[in-house]
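Dear colleague,

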Amino acid sequence: MSTRIAFLKGHGTENDFVIVPDPENALDLSPAAVAALCDRRAGIGGDGVLHVVRSAAHPEAKAMAAEAEWFMDYRNGDGSIAEMCGNGVRVFARYLQYAGHVGEGDLAVATRGGVKSVHIAKDGDVTVGMGKAVLPEGDVTVSVGERSWPARNVNMGNPHAVAFVDDLAHAGDLYTPPPFSPASAYPDGVNVEFVVDRGERHVAMRVHERGSGETRSCGTGACAVAVATARRDGAEPATTGTPATYTVDVPGGRLVITERPDGEIEMTGPAVIVAEGRIDAEWLRGALG
């Protein structure tokens, strides 16, 4: 390990990430190292780590290398691996532009949730093709304290439980994962979104992200919320033949989600690089010791 390791800090609607460029996959980013980097008091701080690797250099992404040069090796703030992160893909794309690897326009990014199509617009927003939602059958319930709500089970490459509530304060502090049932619905845990209406095709949400706690934004969660809301509203695009677009307010800003009649979902929002620097390797070794 070199004496210093390059990093950047970025966010998408205040869902923030430590970005670690490592094209040849030379760094051993253990779960403990990721957790140390994401520690907001003793580390750099972030909801997760975007490990930037060439697809051909990563064993989990080699099969996607012909479609996408770059692989987003995403890690949650606790060091665990996640299949996808919608805000993370936008920030990942912004980093590739910042570093001169890509320009405005279209590109493909490999993720554990498959290859994602990305468009970097001139106005700065980034649109990500998030794929299609899967809606597993079966009733799900989520709880906070004495309150419980039915939730819509939506999978966006990672699992979500979407509950419509009267007040976002009912979600509590979201420090710990909200209990859900049945346990068999989410054997590996779940991201839980609490949603209120703000207007026509306009909702607001709070989220507990699996492995990170409450975050200021969750891209896949916003997509899951839009899908669940469209079903609730009778606006399912596959049935109506018309795209459904929802504005989703998150604590860190605003995302726009469109589901097309073919089921493909697009998410548009900002992505910002705020800083770059060097991680001291001795500090990192000490943090792991």
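Ala 271 has its place in the loop between strand S17 (264-269) and strand S18 (272-280). Please bear in mind that the model is a predicted one. With a relative accessibility of 6%, Ala 271 counts as buried, since the cut-off for that class is under 20% relative accessible area. Not counting residues up to four places away in sequence, Ala 271 touches His 11, Gly 12, Arg 90, Val 91, Arg 94 and Val 126. Ser 80, by contrast, is 191 residues away from Ala 271 in sequence, and the two lie 23 Å apart in space, C-alpha to C-alpha.

Strand S8 (residues 140-144) contains Ser 143, and because four of the five residues of S8 are buried, the strand is largely enclosed by the rest of the structure. Ser 143 itself counts as buried, at 18% relative accessibility. Its side chain is joined to the side chain of Ser 148 by a polar contact of 2.8 Å. If neighbours within four places in sequence are left aside, Ser 143 is in contact with Ser 148, Trp 149, Pro 178 and Pro 179.

S8 has two pairing partners to look at. With strand S9 (residues 147-155), S8 pairs in the antiparallel sense over five bridges, and Val 140 stands opposite Ala 151 in S9. S8 and S9 form a hairpin with two residues between them, and in its turn Gly 145 has a positive phi of about 60 degrees. With strand S11 (residues 180-181), S8 also pairs in the antiparallel sense, here over two bridges, and Val 142 stands opposite Phe 180 in S11.

From S9 the pairing continues to S10, the two strands running antiparallel and being joined by five bridges. Ala 151 has Ala 163 as its bridge partner in S10. S9 and S10 make a hairpin as well, with three residues between the strands, where Gly 157 takes a positive phi near 95 degrees. Strand S10 (residues 159-164) is largely enclosed by the rest of the structure, because five of its six residues are buried. S10 is also joined by five bridges to strand S12 (residues 191-199), and these two run parallel. In this pairing Phe 164 stands opposite Val 195 in S12, while Arg 232 lies over the face of Phe 164, at 4.6 Å from the ring centre.

Turning to the aromatic residues, the structure holds three aromatic pairs, of which I describe two. Phe 17 and Tyr 74 form an edge-to-face pair, with 5.9 Å from centre to centre and 75 degrees between the planes. Since Phe 17 lies in strand S2 (residues 15-21) and Tyr 74 in strand S4 (residues 70-76), the pair ties together parts that are 57 residues apart in sequence. Phe 17 and Tyr 74 are both buried. The rings of Phe 180 and Tyr 186 have their centres 5.2 Å apart and their planes at 85 degrees, and so this pair is edge-to-face. Here Phe 180 is partly exposed, with a relative accessible area of 26%, whereas Tyr 186 is buried, with a relative accessible area of 3%.

Lastly, there are the nonpolar cores. Which members of the largest core touch the most other members? Among its 52 residues, they are Met 72, Met 205 and Ile 257. Helix H3 (residues 219-232) gives the largest share of this core, eight residues. Apart from this core lies another one, of 17 residues, and among its members are Val 142, Tyr 186, Val 190 and Val 192. To return to Met 205, its contacts, leaving aside neighbours within four places in sequence, are Leu 168, Glu 193, Phe 194, Val 195, Cys 218, Gly 221, Ala 222, Val 225, Val 248, Asp 249, Val 250 and Pro 251. One of these contacts, Val 195, is the residue in S12 that stands opposite Phe 164.

With kind regards

How values were computed:
Residues are numbered from 1 along each chain as its sequence is written. This is a predicted model: local features need pLDDT of at least 70, side-chain atom pairs count only at pLDDT 80 or more; totals for chains, interfaces and linings use all residues. Side-chain values use heavy atoms; hydrogens and water are left out. A nonpolar core is a set of buried Ala, Val, Leu, Ile, Met, Phe, Trp, Tyr and Cys residues joined through side-chain atoms within 4.5 Å. Buried means under 20% relative accessible area, exposed over 50%, partly exposed in between (1.4 Å probe, protein chains only). Contact means heavy atoms within 4.5 Å. Rings of Phe, Tyr and Trp (its six-membered ring) pair if their centres lie within 6.5 Å; planes under 30 degrees apart count as stacked, over 60 as edge-to-face and the rest as tilted. A charge sits over a ring if NZ of Lys or CZ of Arg is within 6 Å of the ring centre and within 35 degrees of the ring normal. A polar contact is a pair of N or O atoms within 3.5 Å; within protein, one must be able to donate a hydrogen and the other to accept it, and residues adjacent in sequence count only if both atoms are side-chain atoms. Two strands pair if DSSP finds at least two bridges between them.
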